[in-house]
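Subject: Structure handover

Hello,

Here is the structure, with the sequence alongside. Notes on what was found follow below.

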Amino acid sequence: MQNGFMLLSFGSLSLVYITMILGVYLSSVHQSLSCSEWPLCPNGFLKPPEQRYVVEYFHRIFVIFTAGAIYATSIFAYAKVKTMKRLTLLATIVVSIQILIGALVVTKKLDIMIVTAHLPIGVALFGITLLVFLRYRKDYLTSVNNGTSGNLD
Ligand code: HEM
């Protein structure tokens, strides 16, 4: 059970990281407005993306997986890992805000204030998911050493 939470929190952390790299790449190759539609690119979810918006397509698809993993981590925490309830709730709030800001980045056509907010909120989200993983890992290792690992649930 505890390793399940550790795996899920590490998955969220990794997905946030990949989404951020895709976002920075998206900005660097000047494809930021290549999908003017919202919430998905013109090809939708399952059809292969066209070359001109391939990076933006993957940025959006990874957002879906990232948000799903973060929400699942929080539901897991509320059901089984009481000590991580508040921090995982914070992650769900921040990822939801980031998705709204992401929508505005596109619909407001790269408004400078909104684009400027998108990067630090992404960094904050990375920090929070890192904290969830590291704090839980520390609690877990301490409880294993003390022989009280059942108390983490
Ligand atoms: C988990 C949620 C998200 C994270 C962690 C994230 C992260 C990032 C990061 C780090 C950047 C690079 C910013 C820069 O270089 O200044 C970026 C760029 C971008 N993101 Fe996201 N993003 C998320 C959600 C979204 C959503 C939902 C959209 C909406 C379609 C979106 C659209 C964009 C666009 C268009 C850019 C390029 C902006 C530019 O030209 O600087 N993002 N994202």
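Gly147, which has a positive phi near 70°, comes after helix 4. Helices here are DSSP runs of H or I with at least four residues, and strands are E runs of at least two, numbered from the N terminus. This is a predicted model: local features need pLDDT of at least 70, side-chain atom pairs count only at pLDDT 80 or more, and totals for chains, interfaces and linings use all residues. Residues are numbered from 1 along each chain as its sequence is written.

Helix 4 covers residues 112-146, and its 35 residues should span 51 Å at 1.5 Å a residue, which agrees with the 52 Å between its end C-alpha atoms. The expected span is 1.5 Å times one less than the number of residues. Buried residues in helix 4 include Gly122, Leu125 and Val132 (buried means 20 or more other C-beta atoms within 10 Å of its own, exposed 12 or fewer, partly exposed in between; C-beta atoms are placed from the backbone).

Ala91, leaving aside neighbours within four places in sequence, is in contact with Ile70, Ser74, Leu125, Ile128, Thr129 and Val132 (contact: C-beta atoms, placed from the backbone, within 7 Å).

Leu100 lies in helix 3. Leu100 is exposed because it has 12 other C-beta atoms within 10 Å. Between Leu100 and Leu7 there are 27 Å, C-alpha to C-alpha, and they are 93 residues apart in sequence.

As for the ligand, helix 1 (2-28), helix 2 (54-80), helix 3 (85-107) and helix 4 each supply at least two residues of the shell around it.

Regards

How values were computed
Two residues are in contact if their C-beta atoms, placed from the backbone, lie within 7 Å.
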